[in-house]
Amino acid sequence: MSSSTALSGRGSRLAALVVGLCWLAVLFDGLDMFIYGSVLPHMLEQKALGITPGQAGDLGSYATFGMLVGALTAGTVADRIGRKKLMVCCVALFSLASGLCAVAGSVTVFGLGRTIAGVGLGGLLPTAISMVTDYARGGRGALTVGALMTAHHAGGILSAYVAKWLVEPVGWRAAFWVCVVPLLFVPVLAKAMPESLSFLVAKGRADEARELAARYEVELPAAPARKEGADRWAALAGLFRGGEWTQTLLYWLASFGGLLLVYGVATWLPTLMRGEGYNLGSALTFVVLFNLGGIVGMLVAGRASDRFGAPRISAIWFALTAAGVFLLSVHMPLALTFTVVFLTGVFLNSAQTMIYATVSLRSSPGNRATAVGWTSGMGRFGAVFGPWLGGQLLAADHGSWGFAAFALAGVSSMVFIGIAALRTPKRPAPSGSHQDLLAAS
C-alpha cells in the first residue's frame, strides 16, 4: 500500500470519527428541540401548568430566543476556546436544562428551562457544522453537512415516539427526563472528539496540531496568512468587508425566513393538524413523516448541492416547501396528507441547511464558525417569531392561517437565497478540500 493510500484511509477514518460523534450530538439536539412540539398537544389538552395556547407560543419562542443567544455567541467562542470544548458544554447545558423542565412546577420555571436549553441547542449546531466541514473529504462538503443534519431529524422522529410511548401512560414530564440522558454522552464526546486542526493551527498551537495529524496520518493544514478570527469583532467585521456585506445580508434574510418556517412548523405541526380533525396518534405520525422527509432531503440536497451549488438548490427547495406548507391548509384524504407532509419535510429542512452549507463553504477556516454562527443567529430572530406567531393565530382561532403565513416565509427565503445564487463570492477560494465545492456554489 502506498503512503498516499494509507494517508487517505486514515484521513477517512478520522472524518468518520468526527462526523459520527457530531451526528450523535446533533441527534440529542433534535430530540430536545422537537420534544416540546411533540408533547404540546397533550399539555394543552390536560392544561398542564395552566398553559394556554398563547403561553404555549411564548414558551416555544423562549427556547428559540435561547438558541438565538447560543448561535450568536457560539461562533466567536468556538473560534477562541475550540469547537470541541464548546460542543461538550452545549450538550451538557441542554441536557441539564431539560431536567429543570421535567421538575418545573410553574410556567415560569418551565420557560426558564426551555430558554437555557435553547442556548445549548443554538450553540451546538453551527459548531458541529463547522467541525465536520473541517474534516470533510474533498468535494463532499455539502453532502457531509447534509448527512450530519439527518441526525437532527432522527432526533425529531425519536421525540414523536417518546411522546407516543410515555406521555399518555406516564405524563409529559417523563419525556423531558428522557432528554436528560445525553449527559451520559458528555464524557464520551470529551474523550473521543479531536479538536479542529484548522483551529489549532490558527491559534498557533502547532505541537498539538502536529501530534493530532501524526496520530491519524492526515495532512496538517497550512497556517493562515493572517490570524483570522483571533479578535471576535475583527472576525465579524470580515463578513462585511468589500462586497461581502451584500452576500452576508442575503444569507441572514434567507435564514430569518427559513428558520421562521422550520421552527414554526416544528412547534405547531401536531397541534395544527389536530385542529384539522386528526387524532393525537395521527398528529404525531405527521412529525415522524416530516422528519423522515428531512432525512431524505438532507442526503438528496447535499449531493445535488455538491454538483449544482448549495444556494441554487436551497432556492428551489424553498419554493417547493412553500407550495407544500400551503397545501396543508387544504383538507385532503389522509394518505395524500401524509404524502404532502413527507415531501414538505424533504424540502423544508434541507433548504435551510443548504444556507448553512453555502456560508460554511464560502468562508475561510479562520472565521468559518463566526460566519455560520451569525447566519444561524440572525435566522434565530425568525425562529423566535415563528412559534409566537403560531400561538397568536391559534389563540385567535385562526390556526389555519398559520400554514399561509409559514408559506409566505418560504417564498421570502426563496427570493433572498435565489439572489445570492446569482452572485459569486468575492473572496478567493482557499486551497484544499473545499475548492471544487466553492467553484460549484
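This is a predicted model: local features need pLDDT of at least 70, side-chain atom pairs count only at pLDDT 80 or more; totals for chains, interfaces and linings use all residues.
Residues are numbered from 1 along each chain as its sequence is written, and side-chain values use heavy atoms, with hydrogens and water left out.

H2 covers residues 53–81, which is 29 residues, and reaches 41 Å from its first C-alpha to its last, close to the 42 Å expected at 1.5 Å a residue, the expected span being 1.5 Å times one less than the number of residues. Just after H2, Gly 82 takes a positive phi of about 110°.

Turning to packing, two packed helices are described by the angle between their axes and the distance between the axes. For H3 (residues 83–103) and H4 (residues 107–135), the axes come within 8 Å and cross at roughly 155°; axes here are lines fitted to C-alpha atoms over the stretch in contact, with angles from 0 to 180 degrees between N-to-C directions. H3 and H4 are therefore roughly antiparallel, a term used for angles over 145 degrees. Their crossing is left-handed, meaning that the near helix is turned anticlockwise from the far one by less than a right angle.

Further along, the axes of H13 (residues 310–327) and H14 (residues 334–362) come within 8 Å and cross at roughly 150°, which makes H13 roughly antiparallel to H14. H13 passes H14 in a left-handed crossing.

What links H13 and H14 through side chains? Trp 317 in H13 and Phe 347 in H14, 30 residues apart, form a pair linking distant parts of the chain. Their geometry is edge-to-face, 5.3 Å centre to centre with 90° between the planes, where rings of Phe, Tyr and Trp (its six-membered ring) pair if their centres lie within 6.5 Å, and planes over 60 degrees apart count as edge-to-face.

Conventions:
Helices (H or I, at least four residues) and strands (E, at least two) are DSSP runs, numbered from the N terminus. Angles under 35 degrees count as roughly parallel, over 145 as roughly antiparallel, 65 to 115 as roughly perpendicular and the rest as oblique. Rings of Phe, Tyr and Trp (its six-membered ring) pair if their centres lie within 6.5 Å; planes under 30 degrees apart count as stacked, over 60 as edge-to-face and the rest as tilted.
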